[in-house]
Amino acid sequence: MKVDEKSINEQLIKDQLLKTYPSLKVLYKQGARGSSLVTKDFTIHSDNVSKYNAKIAEEWKILNTVGAGDCLTGAFAAALYEKFSNLFLCIWKKLIHCLVAQGAPENVEKAYREVLLRANTAAYISCTREGNKIFMILMFKINNRCYEIY
């Protein structure tokens, strides 16, 4: 089934994709509208970081959005690894099932929310750089900006 890119939303992902692949976790990148993590159990949305704190948009001007989605994906993967790697010595899928089995789904959602915020922050920072340059954003810098948002 072919789907128009503009018609994709969280509900369509749940209705179409997650019914077929229920263990899938979808990172849904929405540009200036932020991003969402969609699973069969919950959906977490994180707005563009400038919507949380107007000072961010004043101090960090958008110069170039090229590569922001790639940056978001990489930062999400790095933050996810960092967040979950120290909790258990098991693979990610089993880790989530372990936490849910222990009656802690709110902890899983909270962890994912933090990971998504860090990824959105990294993507926003990447947009404040001139040109399409390859550069490394240090995680402590991203973490510091996350604290400024709230």
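Among contacts in this chain between residues at least 6 apart in sequence, 59% join residues at least 24 apart, where contact means heavy atoms within 4.5 Å. This is a predicted model, in which local features need pLDDT of at least 70, side-chain atom pairs count only at pLDDT 80 or more, and totals for chains, interfaces and linings use all residues. Residues are numbered from 1 along each chain as its sequence is written, and side-chain values use heavy atoms, with hydrogens and water left out.

**Overall layout**
- The chain has six helices and three strands; these are DSSP runs (helices H or I, at least four residues; strands E, at least two), numbered from the N terminus.
- Along the sequence, the pattern reads α-β-β-β-α-α-α-α-α.
- Of the 150 residues in the chain, 36% are buried, meaning under 20% relative accessible area with a 1.4 Å probe, protein chains only.

**Around Asn-120**
- Asn-120 sits in helix 5 (residues 105–127).
- With a relative accessible area of 6%, Asn-120 is buried.
- Beyond its neighbours within four places in sequence, Asn-120 is in contact with Gly-34, Ser-35, Ser-46, Asp-47, Val-49 and Leu-72.

- Carbon and sulfur atoms account for 56% of the chain's accessible surface of about 9400 Å² (Shrake-Rupley method, 1.4 Å probe; for residues, only the protein chains shown count as cover).
- Leu-17 belongs to helix 1 (residues 10–20) and is partly exposed at 33% relative accessibility, a class that runs between the buried limit of 20% and the exposed limit of 50%.
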